Amino acid sequence: MEEIRITVKRQKKELRWLCGCIIVAFLVNVYAIMAYQTSWTELWTQLIWVGCIGTGLYVITLIIRCLLKGIKQLLIK
């Protein structure tokens with residue numbers, strides 16, 4: 001069985017994508033707090049949901065990036 005190696009450069013790139021998705025989810029939470037004029041304590045009490053939504057966004061972007069890379073490879077050959 002062949003070993004799969006993930007380079008440090010690739011790990012850093014994926015970590016940046018994950019952090020970006022979590023930041024987007026956090027900013028959406030801030031927007032919702034301002035739009036619905038709720039208490040700012042929700043910024044901290046809803047962090048678990050922000051993490052879940054950020055992870056979900058990461059998975060969605062991962063699927064889209066994989067599909068785009070696959071289509072690109074098909075078109076090149």
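These legends describe close-up views of a predicted model. Local features need pLDDT of at least 70 and side-chain atom pairs count only at pLDDT 80 or more, whereas totals for chains, interfaces and linings use all residues. Residues are numbered from 1 along each chain as its sequence is written, and side-chain values use heavy atoms, with hydrogens and water left out.

**View 1. A salt-bridge network joins R10, E14 and R65.** A salt bridge here is a side-chain nitrogen of Lys or Arg within 4 Å of a carboxyl oxygen of Asp or Glu. E14 pairs with R65 at 2.8 Å between the closest N and O atoms; because E14 lies in helix 1 and R65 in helix 3, this pair ties together parts that are 51 residues apart in sequence. Helices are DSSP runs (H or I, at least four residues), numbered from the N terminus. E14 also meets R10 in a salt bridge of 3.3 Å, N to O, and R10 and E14 are 4 residues apart in helix 1, about one turn of the helix. E14 is buried at 13% relative accessible area, while R10 is partly exposed at 36% (buried means under 20%, exposed over 50%, partly exposed in between, with a 1.4 Å probe and protein chains only).

**View 2. R5 and E3 form a salt bridge.** The closest N and O atoms of this pair are 4.0 Å apart. R5 is exposed, with 71% relative accessibility, and E3 is exposed as well, with a relative accessible area of 61%.

Key: Helix = DSSP H or I, 4+ residues; strand = E, 2+ residues; numbered from the N terminus.
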